Amino acid sequence: MILLKNATIYDKNFEAIEVNLLIEGEKIAAIGNDIACDNETDLGGLTILPGFVDIHIHGAAGADMSDAREESLQTISKFLVTKGVSSFCPTTMTLPHEDLVSQFICAADFMGKERGAYMHGVNMEGPYIALEQKGAQPADFVRLPDLDEFYKLNSLCPVRLVDLAPEVQGAFEFAQEASKICTVSQAHTNADFETAAAAYENGFSHATHLFSAMPPIYHRAPGPVVAAFDNEKVRAELICDGIHAYPAVLRMAFKLLGEDRCVVVSDAMRASGCGDGDFELGGQKVIVKDGRATLECGNLAGSTTNMHDEFLNILNFGIPFKQALKACTINPATSIGADSYTGSIEVGKFADLKIVDDQLNVLMTFVKGKRVFCSQA
């Protein structure tokens, strides 16, 4: 057991309280001021936040899910905890079936071996997307929804989220079945408003990197962006690096989605944490300049950000602290059905904790009760 003393904690209601927190094994055992424990750590007024949850990340620190190597997943895992991210979903690309199989086998072998942030399962971004909105997804491997392929991959390693363009042939039928297993998200879509809205009545419940790889909003053709805003049951991802969406647009999205429907994701690729240079994403050359990752054709190719930097960004953009914090923690956890065990500071949940100073610098990260990062270690 370990008692974290003299801290400001954001409780299950995301309100700040001055209290002590007891960790026993992997979980939060008690929260209060009258707790006795021989093993104490005095935090001296630091702040404890829930560990962040990144449900859409391809890579970081030179590594990528597409490498299909446990070493790469471990590199991502260890990088994430330096940013206060305690759990994640490594994310695939639109690639051939055999490549996806290799990645899923690797991910399954990796689960349970994490030395940093832990894996919830896999996020499938593609291959069931619209060619017209492929973004940085390789066009040669775009294909129609295939339940047999999906079931095979899920049998290798759990799928927590699958992307799908709702207008493609067989999308609704696929979503109705896939939604029994995982979250189904509108992504890389050219759908009109009517199709996008109908999808949310047919198995879809999520929107991937809202605004990106989908038509812009027109007042007489609102498209999938407004369809996501318009349905109160839908959560939507936002990449908050200041590149994928203008700050004023992000403020609009946070206002329309409210406290419970915004999901901050990094959509980071292997250049995250590496600086400028030439990199690779899904077999394609990516050029990073001034932190902006693009294919040679100029299309944005994921991001080089991380969730901690995004959190600081949205606070600077004017998003209220409570809303920003929920968007990085409980909302993504809820999106993949992980909110019963992580995403907030509650007795009985995993002790996934991010400890920061008054400048919001990450000082320590606890994952399942174990301190896996300390900035001064």
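Biologist: Where is His-209 found in the chain?

Modeller: Look in the loop between β14 (206-207) and α6 (223-230), and you will find His-209. Those labels come from DSSP runs numbered from the N terminus: helices are H or I runs of at least four residues, and strands are E runs of at least two. Keep in mind that this is a predicted model, in which local features need pLDDT of at least 70, side-chain atom pairs count only at pLDDT 80 or more, and totals for chains, interfaces and linings use all residues. Residues are numbered from 1 along each chain as its sequence is written, and side-chain values use heavy atoms, with hydrogens and water left out.

Biologist: Why is His-209 called buried?

Modeller: Buried means under 20% relative accessible area, exposed means over 50%, and partly exposed is in between (1.4 Å probe, protein chains only). His-209 has a relative accessible area of 3%, so it is buried. His-209 also has a positive phi of about 25°, although it is not a glycine.

Biologist: Which other residue has a positive phi without being glycine?

Modeller: Ala-61 does, with phi near 55°. Ala-61 sits in the loop between β7 (59-60) and β8 (63-64).

Biologist: And what makes Ala-61 partly exposed?

Modeller: Its relative accessibility is 33%, which is why Ala-61 counts as partly exposed.

Biologist: How do you know where Thr-294 belongs, and what makes it buried?

Modeller: Thr-294 is in strand β19 (residues 292-295). Its relative accessible area is 15%, so Thr-294 is buried. Not counting residues up to four places away in sequence, Thr-294 touches Lys-285, Val-286, Ile-287, Asn-299, Leu-300 and Ala-301.

Biologist: What makes Asn-299 partly exposed?

Modeller: At 29% relative accessibility, Asn-299 falls in the middle class, so it counts as partly exposed. Asn-299 lies in the loop between β19 and α8 (307-316).

Biologist: How far apart are the C-alpha atoms of Asn-299 and Gly-135?

Modeller: They are separated by 6.2 Å, although the two residues are 164 residues apart along the chain. Gly-135 is also one of the residues that Asn-299 touches, not counting those up to four places away in sequence.

Biologist: Why is Ile-129 called buried?

Modeller: Ile-129 has 3% relative accessibility, so it counts as buried. Ile-129 is in the loop between β11 and α3. Beyond neighbours within four places in sequence, the contacts of Ile-129 include Thr-94, Val-142, Ala-165 and His-188.

Biologist: Which peptide bond is cis?

Modeller: The one from Gly-126 to Pro-127, with omega near 15°. Pro-127 lies in the loop between β11 (122-124) and α3 (147-156).

Biologist: What makes a group of residues a nonpolar core?

Modeller: A nonpolar core is a set of buried Ala, Val, Leu, Ile, Met, Phe, Trp, Tyr and Cys residues joined through side-chain atoms within 4.5 Å. The largest such core has 94 residues, and Phe-150, Leu-210 and Val-286 are among those with the most contacts inside it. Helix α2 (residues 97-110) gives this core its largest share, six residues. There is also a second, separate core of 19 residues, including Ala-7 and Phe-366.

Biologist: Now the whole chain. How do you know that its radius of gyration agrees with a compact globule?

Modeller: The radius is taken over C-alpha atoms, and the globule rule is 2.2 Å times the number of residues to the power 0.38. For 377 residues a compact globule would have a value near 21 Å, and the protein chain has 20 Å, so the two agree. Along its principal axes, the C-alpha trace spans about 60 × 45 × 40 Å.

Biologist: How many helices and strands are there, and how much of the chain is buried?

Modeller: The protein chain has 10 helices and 22 strands. Of its 377 residues, 58% count as buried.

Conventions:
Contact means heavy atoms within 4.5 Å.
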